[in-house]
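User: I'm new to this one. Can you walk me through it?
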Amino acid sequence: MLHTTNTSVISLHSDEMKSEAIKDAGFACPVPLPAGGRVLLGHGSGGKLSAQLLKDVFLPKLGNPVLDRLEDQAIVCLNETRLAITTDSFVVKPLFFRGGDIGSLAVHGTINDLAMGAAKPLWMSVAFILEEGLPMETLHRVVASMQGAAANAGVQIVTGDTKVVEKGSADGIYINTTGIGLVREGISLSASAARPGDAVIVSGMLGDHGIAILAEREGLKFDTEVKSDSAALYELVATLLDATREVRCMRDPTRGGLSSTLNEIAGSSHVGIELEDASIPVREEVRGACEMLGLDPLYVANEGKLVAIVAPEAADRALSALRSHPLGAEAQIIGRVTKEHPRMVVARTTFGTTRIVDMLAGDQLPRIC
Amino acid sequence: MKYLDEYRDATIARGIAAEIRRQSTQRWVLMEICGGQTHTLMRYGIDELLGDSVELVHGPGCPVCVTPLEMIDRANMLARRSDVTLVSYGDMLRVPGSETDLFHMKAEGGDVRVVYSPTDAVELARNDPSRKVVFFAIGFETTAPAHAMAVLQAERLGLENFSLLVSHVLVPPAIRMLLRSPKNRVQGFIAPGHVCTVVGVGDYEKIAADFNVPIVVGGFEPVDLLEAIRMLVCQLEEGRTEVENSYARSVQYAGNRPAQTAVEKVFEVSDRKWRGVGNIAESGLRLKTKYASFDAERIFGLREVQAEEPAECISADVLLGNKKPTECPAFGTRCTPDNPLGAPMVSTEGACAAYHQYKRHLVTL
């Protein structure tokens, strides 16, 4: 049903989507696109179109054994030391939102990608692309926020770069980062390591970040108490790995949400995943906002949650460990890995029936009715 | 969530499903009209709960799905113009026209915006008089009042840069066409709750009387739908053919008068083409002559644009309930939500997309 009471324009310039503009600014792909082909906003959504872009454009030319693993971070060896490297771009709009801003988000997002590979984040680079005319005060606020987030997480920002583009060529501030971390000894995580029987655990409530951002989008403003969950996850990861080494894989379900993350794991590991609808933790306000906007919380972005695939015998220990940390207090076992329906994520509804939880195709579209 | 969770209660739902299975002496063929209802039935697996007592076939009530190909082509043509801002509901952007969709038009530089409410499009026109703002006004009786209000608002504001690309369809003529079809198997209808909230139930009483078919107005949550199915089965078992309202918390007998008045002021009934179905007499709405200055097809000379539908797409049979999406040879292979051949695969309200999204694991491709 159309919500005629809602006065709202959704800007399609969402955070992930602007990554195309960034690619244009600094990176020219040598591969010709198919005739008439264009980059669509959906190519930046973290769903199927993003995966297609990797498969069709990037991997054929840039692929190598490290990149081809397609984990959130690359693990490279230097003598006996395993280093994790990751890079990320941040184009969030608005720049400031409930629970965070683009500066803290850039730090958290980068170090979380390292943490998901069991790496302790050590150093970061930061590159700014600034739009001509940006108020200096805005930049000060963002940089101060980055400093705070980095200090809290024990990460040093050791190199950086600044470019300014003409007014209209960017949207305020874009940030690109690189993170380097040290992988914990004896731990090797991979999205291809999930085995039938494993437990699927999330560290807390889903969808907070995406809803907090949408609530502040120009033209879509609605009142909500929901705050972004943007947070640095390495401490939580360390707490988990101290309790058990039987963790197969960790991911942070950012853009594309839980569904995209689990579909990637199911695909990489050639297994099925079965979720229990009733045990998936979603805040009441987030459910309400999703109902109103016609969105599914399983597709909404998170910036301070992790999904862990854990061996069955270690599941309870892992859950207790996560719950012992403030960032994992609402952790839940939400399902298990199965032999059945390989590469598919299926949810058991509260009615005892089943449905597929598919990867996002294109962008999540508001429904008209 | 209050007022929602009660209607998703598993114990209540299973209880009603058991009651339906107990009452049924044969496998009744029922159709839910609205795509939103199809979506709920698939998402919660209600067809699985009902077993052999009821066969659900899915009706033509997805507004995105039935919008004819040439209307999509016309929208694409407008989006291609440098002086036009094309405003649409989100679902429409991915619907394939003959050659392209609005997402691609946007990527090619077209000014395409998504809104939740058509009055936002009026605001866009008001804020930038240099742009010709066209709202892609699709849908059933549910969206018509908001579109009418947008026109009235634009008129009040004296806007000359606002218009509608109208592709409005009406439910009752489609039900009548379906019931007249020699291929029809449907024995009872779940009428669309939101449409009836606007127009009331009078038209449905006429259909029930003319065709001796039971109709129950249904809501959109699992318990709503199960209750509507139970009431239909009860009527069929008792040989009654009445109109009953199981969605009384939203639907009143006469509907919403102010909404009807706005629609009557701005629109008039006209023939309409339905995607996959073809022309149905008096099955849609068009702008009245008085509001012709808000008619994008007239302003931009789009009436000549016609289009042929892909031969492989069986959307006609799907939209009329003659075939299940999974009976289509292209389902899940040549036709997927990423690469839809026809509109029912695009919108989450579309029957093909609902099957693909929720039930693919239960069929062999």
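Predicted model: local features only at pLDDT ≥ 70, side-chain atom pairs only at ≥ 80, totals over all residues.

User: OK. How many helices and strands are there in chain B?
Analyst: Chain B has 16 helices and 11 strands.

User: And why does it count as compact as a globular protein of that length?
Analyst: The radius of gyration of chain B is 21 Å, and the globule rule gives 21 Å for 365 residues, so chain B is as compact as a globular protein of that length.

User: What box do the C-alpha atoms of chain B fill?
Analyst: Roughly 65 × 45 × 45 Å, taken along the principal axes.

User: How much of chain B is buried?
Analyst: Buried residues are 60% of its 365 residues.

User: What about contacts along the sequence?
Analyst: Take contacts in chain B between residues at least 6 apart in sequence. Of these, 77% join residues at least 24 apart.

User: Switching topic. In what order do the strands of the open sheet run?
Analyst: The order is 2-1-7-8-9 in chain B. That makes 5 strands, with parallel pairing.

User: Which strands stand at the edges?
Analyst: Strand 2 (54-61) and strand 9 (243-245) of chain B. Each has a single partner strand, so one side of each has no neighbour in the sheet.

User: What does the twist average?
Analyst: It averages 25° from one strand to the next.

User: Back to strand 9. How many bridges join strand 8 to strand 9 in chain B?
Analyst: There are 3 bridges. Strand 8 of chain B covers residues 215-218, and the two strands run parallel.

User: Which residue does Ile215(B) stand opposite?
Analyst: Val243(B), in strand 9 of chain B.

Terms used: Residues numbered from 1 in each chain as written. Chains lettered and ligands numbered in written order. Pairing = 2+ DSSP bridges. Helix = DSSP H or I, 4+ residues; strand = E, 2+ residues; numbered from the N terminus. Axes fitted to C-alpha atoms, helices over the stretch in contact; angles between N-to-C directions. Rg over C-alpha atoms; globule rule 2.2 N^0.38 Å. Buried ≥ 20, exposed ≤ 12 C-beta atoms within 10 Å, placed from the backbone. Contact = placed C-beta atoms within 7 Å.
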